[in-house]
Amino acid sequence: MDYDPVRAEDPELGEILTKELNRQRDSLQMIASENHVSQTVLKAQGSVMANKYAEGLPGTRWYGGCEYADELEELAIDRAKELWGAEHVNIQPHSGTQANEAVYLAALDPGDKILALDQNQGAHSSHGHQAYSAGQFYEVEQYGIDVDTGHVDYEGLREHAEAFEPDLIISGYSMHPHIVDWERVQDIAEDVDAYHLADIAHINGLVAGGVHPNPVGIADFVTGSTHKTIRAGRGGIIMCDEEHASDVDSAVSPGSQGGPHMHCIAGKAAGFKEALSPEFEEYAQQVVDNAQAFSDRLQEQGISVFSGGTEVHMVLVDLEETHPDLSGLDAEEIFEDANIVLNAQRVPGESNPDTWNPQGIRFGTPALTTRGFDEEDLRAVADLVVRVLDAPDDESVRESVREEVQVLCDENPLYEDLL
């Protein structure tokens with residue numbers, strides 16, 4: 001790809017794109033929900049499909065000229081079915097949040113009951129936060145995790161479900177470092193006559209790569225975003241059995257959004273093809289191996305990692321225990337100055353009542369793994385993290401860390417052919 005035409009025609013925009021390209025190249029992207037897509041995905045998502053309005057479904061559009069839009073959407077659907085083993089796929093949601101909202105619309109009536117994980121213990125906000133539609137249109141209660149082990153409290157979930165009698169139980173989380181027992185949640189849902197929605201937005205690439213169990217065929221509905229561990233075009237996805245296909249499709253369009261973003265669907269199709277390769281299985285395993293190496297190294301040096309480790313792609317550091325004077329937001333800012341990009345994150349069970357300024361920071365390994373980082377590299381990154389944490393106010397430490405970050409980035413270059 002070449003940004004020169006953009007720079008020539010729109011220097012202000014071209015400068016912004018160039019600065020962002022260089023930011024990604026020269027810093028460590030460790031936000032667990034981010035990744036670096038291939039140039040094939042970038043080109044597909046920036047393709048002529050950006051011009052096409054294709055409201056409806058393949059074969060039943062509201063506009064003419066959709067012959068190739070139909071072919072594209074069917075291609076993306078077929079690849080998603082092969083990746084995750086789904087009977088039915090809707091590839092049109094603009095995000096994982098909109099995928100969740102479409103399932104609520106398909107499965108529930110206003111005022112119905114949702115049982116989801118506590119927002120302060122790792123659930124995504126679209127699972128019932130009052131700022132989202134789920135929190136406004138449905139009665140939402142929350143189950144918890146065992147803060148000592150970090151695992152879902154499945155017995156507590158069962159007891160809560162039996163007392164609350166929800167219409168929908170949600171599993172799958174934004175901050176959960178362990179394998180989810182989909183079958184156990186499904187058993188609970190069936191026993192209380194509830195639907196089960198498994199949100200795999202964070203782990204869909206790990207599922208596709210065979211390093212996390214697959215909820216497709218177990219849960220009634222499976223949703224996710226398509227730009228995290230799966231490294232495809234930006235957007236969302238819904239998977240279900242044929243029994244729910246019509247309700248899901250109508251809930252997406254016209255129920256909750258208009259025309260699909262066909263250029264994003266092109267990016268999804270491109271990324272799904274890459275994920276069907278044997279190399280992607282190696283990538284998924286490396287993501288987990290890297291996260292575990294990073295977690296182990298931090299703990300060797302006295303850093304408190306929530307639940308003592310990880311089984312997936314993310315690591316949650318508990319600052320309250322070892323760095324009580326450093327908030328998550330302050331740490332996020334300090335690390336960004338050292339060219340290590342992460343996010344503040346609430347730690348389950350933390351004492352700080354201010355949810356907007358939590359006592360944890362969350363690291364993810366998908367993007368670094370895409371760049372070619374291995375376990376040795378992640379141990380080196382962990383050493384840099386410890387140096388910053390041990391001297392958060394020392395600019396000279398951050399300067400030296402920036403220099404070492406640049407060495408790591410140069411050894412694992414990103415988008416070398418992108419100008």
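This is a predicted model: local features need pLDDT of at least 70, side-chain atom pairs count only at pLDDT 80 or more; totals for chains, interfaces and linings use all residues.

Analyst: Residues are numbered from 1 along each chain as its sequence is written, and side-chain values use heavy atoms, with hydrogens and water left out.

User: Is His-212 buried or exposed?

Analyst: His-212 sits in the loop between α9 (204-208) and β9 (221-225), where helices (H or I, at least four residues) and strands (E, at least two) are DSSP runs numbered from the N terminus. Buried means under 20% relative accessible area, exposed over 50%, and partly exposed in between, with a 1.4 Å probe and protein chains only. Because its relative accessible area is 4%, His-212 counts as buried.

User: Which residue has its backbone nitrogen 3.2 Å from a polar atom of the His-212 side chain?

Analyst: Contact means heavy atoms within 4.5 Å, and, leaving aside neighbours within four places in sequence, His-212 is in contact with residues including His-178, Trp-182, Leu-206 and Val-312. A polar contact is a pair of N or O atoms within 3.5 Å; within protein, one must be able to donate a hydrogen and the other to accept it, and residues adjacent in sequence count only if both atoms are side-chain atoms. The backbone nitrogen at 3.2 Å from the side chain of His-212 belongs to Val-180.

User: What is the relative accessible area of Tyr-283, and which side chain makes a polar contact of 2.9 Å with the side chain of Tyr-283?

Analyst: Tyr-283 is found in helix α12 (residues 278-300), and Tyr-283 is buried because its relative accessible area is 7%. Not counting residues up to four places away in sequence, Tyr-283 touches Asn-35, Thr-229, Arg-231, Pro-366, Thr-369 and Thr-370. Its side chain makes a polar contact of 3.3 Å with the side chain of Thr-370, whereas the polar contact of 2.9 Å is with the side chain of Asn-35.

User: How many residues does the largest nonpolar core have?

Analyst: A nonpolar core is a set of buried Ala, Val, Leu, Ile, Met, Phe, Trp, Tyr and Cys residues joined through side-chain atoms within 4.5 Å. In the largest one, the residues with the most contacts inside it are Trp-84, Ile-169, Ile-230, Met-239 and Phe-272. Another core, of 35 residues, lies apart from it and has Ile-334, Ala-338, Ala-382 and Ala-391 among its members. The size of the largest core is 73 residues.

User: What volume does the largest cavity have?

Analyst: On a 1 Å grid over the protein atoms alone, a cavity is a set of points where a 1.4 Å probe fits but cannot get out, and lining residues have an atom within 4 Å of a point. Grid points are joined across faces, edges and corners, and a volume is the space filled by probe spheres set on the points. The volume of the largest cavity is about 70 Å³.

User: Of the residues that line the largest cavity, which are the closest to its centre?

Analyst: The lining of this cavity has 13 residues. Those closest to the centre are Tyr-173, His-176, Val-180, His-202 and Ile-203.

Terms used:
On a 1 Å grid over the protein atoms alone, a cavity is a set of points where a 1.4 Å probe fits but cannot get out, and a pocket is an open set with protein on both sides within 12 Å along at least five of seven lines; lining residues have an atom within 4 Å of a point.
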